[in-house]
Amino acid sequence: MSDLMKRFTGWDAAILAVLVLFVIVAGLVVPDFATGRNASFMVLDLAPVLLIALPMTLIIVTGEIDLSVASTLGLSSAVMGALWDGGMSIEVIIPICLVLGAVLGAVNGLFITGFGLPSLAVTIGTLALYRGLAFVVLGDRAVAQFPGSYTEWVIGSSAGIPNLVWPLLVLLLVFGTVLHATPLGRSLFTMGAGVDAARFSGIRVARTKFWLYVVCGAVAALAGVLWTLRYSSARADNGTGLELAVVAAVLLGGVSIFGGRGTLWGVLGGVMLLAAVQNALRLADVSNEALQVVTGLLLIVSVLAPNAVGAIRSAVARRRRRPPPPAPAAPPEPLPVSSDPSPSPAVRSS
Amino acid sequence: MSTPTSSRVAVALRARELGIVLALVALVVVTAVVNPLFLSGQSLRDLVLAAAILVVMAAGQTVVVITRNIDLSVGSVLGLSAYAVGSLLEAAPGTPVVVAVLVGIVIGGALGLVNGALVRFGNVPALVVTLGTLYVFRGVAFLWAGGQQINADELPGGFLAFGTATVLGVPWLIVIAAVVVIVTGYVLRNHRSGRELYAMGSDPAAARLAGIPVGRRTLAAFAVSGACAGLAGVLFAARFGTVDAAAGTGYELNVVAAVVVGGVAVFGGSGTAYGAAIGALLLTTIGSALPVLGIDQFWQQAIVGALILLAIGTDRAVAARVAARLRKESSRV
């Protein structure tokens, strides 16, 4: 257990160190990087990724994935535009969008937990479906002129701190508390480590996963609302491909793609590192296309690195264990009398 | 002992492909009733020509999906291969068409090998690797092209003619697509290495224990998928004449949809290249039937998504029913 804890803090600390190092180097090398203005831009850029990364972390920890988040964002944005165009008031539109997101997430959850389909295949399907519906709703139009009080709040800041920092911080604390300090959070790790074991220990796997997808849909829709307000433009193709950045950031933050391992603080580090790298490259006049290459490479490296580290570590451990000659094979231990070899009916029936 | 079981599974699979064929026929009939011109020779030829590129990619994807992997980078491989071949022909207009085709296949195969090597040696899920290379390959294409596009008047006429030329009245593109599907389908069904791919997809651990070179087969499967996407890039360049770095963007969704709709199980271990080809044909037909039926073109992507969900849902239900029946019969014995 303490060994596990050490490994978590190890990865978190490494990401944080890389982040700090990168910010220092970029601040020295890239002009305009270390300015307050740029920092608030960075917050705006990382907001949608961080928002969606929160529920995505929980989902990946349970060993599942949701590739439809960017399309949910786009559909939420398109619906927001269509309703605003239709003369509805923004105070009504935003809750509608959030509920819509929850419904879209529930559809994912129903297919995955209700019908027992692989989340990868389902969310590739809904990736296409939701984006397609966004185009059905809004076509290739763009809706603009959202109320200034909202758009200005999203991009504004008070006392030098961008307004968006506060809701992000609250959500980060909520998700962090749930994942790391509640029985529910522990049950997510258990599910990721082994679904059967989780089921046998009384965790309602299907129900929990279903609600995770509902929350993820709602948060992705919220990201869509913020996205629309930030650019004051509702388009069906808003946020296309954002799922890559989200998955890359989560994995970069040390969450295992196989489930069962990871921390939200590591993910925060991953999101910030990704945002800082992209921001610095953009300031250094690197094209958007090159940025794509960098994000893609970061994604690959972030899944390769833990495996490589693990392989090296086990190789080292093997070499260390080698010097003493292998102990003679111990006789198989007799089963302790107390353990009943036949499972109880209660266990068998579940 | 296993004969009744396997024959029943075979029947179920055949029924699965029959289902898509029926859906395809129904769609064509309905569309033809609305507009009889839909069944004219020219319209059908255009339809099959448009499907050829998707069919080639779907055959390659089938090989990967059967092993319980996925290749999301195919659209980007197509783009990179199309631009590479376009640049080659622009620089050296005398290049024979055969050489251009081979160059595309080799480029695609090399990119596929990169995917396969990352999956095999990195021990990471194909989904994440190919999601990453989707963006890396596309970015490389953009960096290389630098916003330029290759127009039809910069390509040699012989190559463009290849896009429309026919042998015995059948366009080359269709001949190539058919050959790719038949060869892939034959190897998967009748060749030892093909059978091993199914075994890997059914149970990777058991396949390893049975002595199947899982790592090498994985590499080969991704190389085949890449090579097919590379070939599709050449066909794309020949058919459309205009190539830029964005060629084939988003194709991966259609390819995955075609494969899944065509009855290739996403959990690996079952499905055929023929089914995938019919799936590709169905998707393309939907695309060209929409305007005839007076449905907004914007619906197409949504329909693709809905079809993916419908296909995996149906497969799951059928599999559950077959399993239940098998269990019942074995308990009766």
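This is a predicted model: local features need pLDDT of at least 70, side-chain atom pairs count only at pLDDT 80 or more; totals for chains, interfaces and linings use all residues.
**Confidence**
- The predictor's confidence in each residue is its pLDDT, from 0 to 100.
- Chain A averages 84 on this score, with 89% of the residues at 70 or above.
- For chain B the mean pLDDT is 86, and 95% of its residues reach 70 or more.
- The complex as a whole receives an ipTM of 0.81 and a pTM of 0.83 from the predictor.
- One stretch to treat separately is residues 334–350 of chain A, where pLDDT stays under 50.

**Inside chain A**
- Chain A has 14 helices and 4 strands, taken as DSSP runs numbered from the N terminus (H or I over at least four residues for helices, E over at least two for strands).
- Two residues are in contact if their C-beta atoms, placed from the backbone, lie within 7 Å.
- Among the contacts in chain A with a separation of 6 or more, 79% join residues 24 or more positions apart.
- Helix α8 of chain A (residues 183–193) holds the buried residues Leu188(A), Thr190(A), Met191(A) and Gly192(A).
- Covering these buried residues of α8(A) are, among others, α2 (36–61), α7 (165–181), α9 (195–200) and α10 (205–231) of chain A.

**The largest nonpolar core**
- A nonpolar core is a set of buried Ala, Val, Leu, Ile, Met, Phe, Trp, Tyr and Cys residues joined through C-beta atoms within 7 Å.
- The largest one has 209 residues, of which Val55(B) and Val56(B) touch the most other members.
- Helix α10(A) gives the most to this core, with 15 residues.
- Leaving aside residues up to four places away in sequence, Val55(B) touches Ala177(B), Val181(B), Ala277(B), Ala280(B) and Leu281(B).

**Where the chains meet**
- Here 34 residues of chain A are in contact with 39 residues of chain B.
- On the chain A side, α5 (119–138), α11 (242–252) and α13 (288–321) each supply at least two residues.
- The most comes from α5(A), with 13 residues.

Notes:
Residues are numbered from 1 along each chain as its sequence is written. Chains are lettered from A and ligands numbered from 1 in the order in which they are written. A residue is buried if 20 or more other C-beta atoms lie within 10 Å of its own, exposed if 12 or fewer, and partly exposed in between; C-beta atoms are placed from the backbone.
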